[in-house]
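Good morning, colleagues. Please look at the model on the screen while I describe its sheet and then some of its charged pairs.

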Amino acid sequence: MPRVSVIMRTKDRDVLLRRALSDVARQTFTDWGLVIVNDGGSASVVDDALAESGFDPAKVQVIHNPTSHGMEAASNQGLDAGASEYVVVHDDDDTWAEDFLAVTVGFLDEHPDAPGVTVRTEIVFEEEQDGRYVEVGREPFWGHLTSISYYDLLQINRFVPISFLYRRSVHDAVGRFREDLPVVGDWDFHLRIARRWNIPMLPERPLAF
């Protein structure tokens, strides 16, 4: 059983998916299992990208939904497919610094009372040009914060799934992702966590993008 389940939600975004797969492959922490949830997109796009990634098949599970079940249902499918200690949602348009998993796993190992940990994040603006994505700018996302309180989250969503590694056991206390929400299901999930615990943030440098 891997220590970390990486849940990757995707649908018909070949270029982004290939980049996301490469992003997971270059992590310095390697005790992870990847669950790709193809939510109503072309199966061949996902299968071809995975075949070309060179991943060990034993580290990857693929779920093909013939029709879209929605983002939060996709997250729950990914949860059901794994049995790890830690969980993170890595959507196909997001990326990490290569030591994201090493740093966040290390923090949670050293802080057993923390439900999860989020990191400094940058928003990257891109344009599609001739089948590839070109960066045109970036800005910090709530870069001044050092922890996340319930009060913070009641005002506005302060962090996003790509930045948040959390303990699978959190779901026993707060429940799963709400499949009746078409969007912002992550915000709802984070609010339920923050009602019980403050969520640490590692502010030293951006590790999620």
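Strand S4, residues 86–89, and strand S9, residues 164–167, run antiparallel and are joined by 2 bridges; strands and helices here are DSSP runs, of at least two residues (E) and at least four (H or I) respectively, numbered from the N terminus. Within this pairing, valine 87 has tyrosine 166 of S9 as its bridge partner. This is a predicted model, in which local features need pLDDT of at least 70 and side-chain atom pairs pLDDT 80 or more, while totals for chains, interfaces and linings use all residues. Residues are numbered from 1 along each chain as its sequence is written, and side-chain values use heavy atoms, without hydrogens or water.

S4 and S9 belong to an open sheet of 8 strands with mixed pairing, in the order S3-S2-S1-S4-S9-S5-S10-S8; two strands pair if DSSP finds at least two bridges between them. At the edges are S3 (60–65) and S8 (147–148), each pairing on one side only.

I turn now to the charged side chains. The structure holds 17 salt bridges, each being a side-chain nitrogen of Lys or Arg within 4 Å of a carboxyl oxygen of Asp or Glu. In one of them, arginine 18 meets aspartate 14, with the closest N and O atoms 2.7 Å apart. Both residues lie in helix H1 (residues 14–25), 4 residues apart, about one turn of the helix.
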